[in-house]
Amino acid sequence: IQLRSFQALHQTWPAADDASGVCVLLGRCRPQCSCSQHRHADHREDSPGSCPHPGSLEHPLPTRCDDRDLRGQHRELPRVQYPPLGTPTSLIEREQLIEGLAMLKKIRGTGNVDAEHQEILHACEMARQVKQPFRNLMKRSSRPQLVIAIAMQVFQQFTGINAIMFYAPVLFQTIGFKNDASLLSAVITGIVNVLSTVVSVVLVDKVGRRFLLLEACGQMLITQVAIGGLLFVNLRATNELQHGVAIWVVVLVCLFVSSFAWSWGPLGWLIPSETFPLATRTAGYAFAVSSNMVFTFVIAQAFLSMMCHLRAGIFFFFAAWIVVMGLFVIFLLPETKNVPIDEMTEKVWKKHWFWKRFMDEEEEERR
């Protein structure tokens, strides 16, 4: 197809010697000489009357192309350059030093990042020397990061979000919606989930991680208790919901989903990536992801049975866990906003009222 397109283009192109080839768009072109006695078809390498001036580069635009290159299998297509993706630390860790420095300057909004850049380089070099990341993860000094990473994944599932998202059509059918209406309600909650995630992207570095988590705990607690109360009162009396009450349930579910989507949803993955040092990040994230998958499976398997037995009480069950999550954030989760990974120990762990004891004992062991 490319060859035919080129031939059609070549037939309609002006016959001037200095502009008869424009096939640079199609692949590899070889330079042509400036002699005026040859046409494009006579310049094949296998033609008996080869050019008397091979290798001449006098022509300012050497764009005539070899037909064999168009038909051949070894044509080199131009590479598309994509912008670098990732944090400065991840780029430097993958030995993309220039891209990492540029990303660091972009994030900080200033060109004066030499000190932080050198610290990241040193941390990456130290991480490359670690041969047993899982063994290092079991050390006492790694206990705070490991506990927080696993707890964030467990709490993420015990908000009840996956149970609601997985079984939204069944849930809405149970409270009185018809088939089409229940599917539409599930679509609405999915859209709310996506849009609310954008809120987290905009606000997470402005208001901090703890603020978003605590605000979401309050909002999720209120919505869960309200949903449970509405279902408990109305289903107990008539075993079905009036249309107005059902609409309020959908609104409360959307408020619950939105609060999760700008807090525990994305931050459950962000905070572990900020707390683990480079030396144990891969091993630590393996534990975090495994915990998430295990408890996703547990909640998905247990939700239907719990809803059948507890009915409206299922929402009070998740509300109780939200209280535990809020207490965990207040007492055990430090703020990680604007704290580089290599400075987490000095600026966060050693200053935390509870986790600092693990760092102090590690220092004593080193001494």
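A residue counts as partly exposed when its relative accessible area falls between the buried range, under 20%, and the exposed range, over 50%. By that scale Trp321 is partly exposed, because its relative accessible area is 27%. The model is predicted, and the points below concern its aromatic pairs, of which the structure holds 13.

**The pair of Phe155 and Trp321**

- The ring centres of Phe155 and Trp321 are 6.4 Å apart and their planes stand at 55 degrees, so this pair is classed as tilted.
- Because Phe155 belongs to helix α7 (residues 143–158) and Trp321 to helix α15 (residues 313–332), the pair ties together parts that lie 166 residues apart in sequence.
- Phe155 counts as buried, with a relative accessibility of 8%, whereas Trp321, at 27%, is partly exposed.

**The pair of Phe354 and Phe358**

- Phe354 and Phe358 form an edge-to-face pair, with 5.9 Å from centre to centre and 65 degrees between the planes.
- Phe354 is partly exposed at 23% relative accessibility, while Phe358 is buried, with a relative accessible area of 8%.

**The ring cluster**

- Ring pairs join Phe155, Phe158, Trp264, Phe295, Phe317, Phe318, Trp321 and Phe328 into a cluster.

**Annotated spans**

- The unreviewed UniProt entry carries the annotation "transmembrane region" for several spans, among them residues 146–170, 245–271, 283–304 and 310–333.
- Residues 310–333 are 88% helix and 0% strand, with 32 Å between the end C-alpha atoms.

Technical notes: Residues numbered from 1 in each chain as written. Predicted model: local features only at pLDDT ≥ 70, side-chain atom pairs only at ≥ 80, totals over all residues. Heavy atoms only, no water. Phe/Tyr/Trp six-rings, centres within 6.5 Å; stacked < 30°, edge-to-face > 60°. Helix = DSSP H or I, 4+ residues; strand = E, 2+ residues; numbered from the N terminus. Buried < 20%, exposed > 50% of the residue type's maximum accessible area, 1.4 Å probe, protein only. UniProt positions renumbered as here; feature names shortened; annotations may be inferred.
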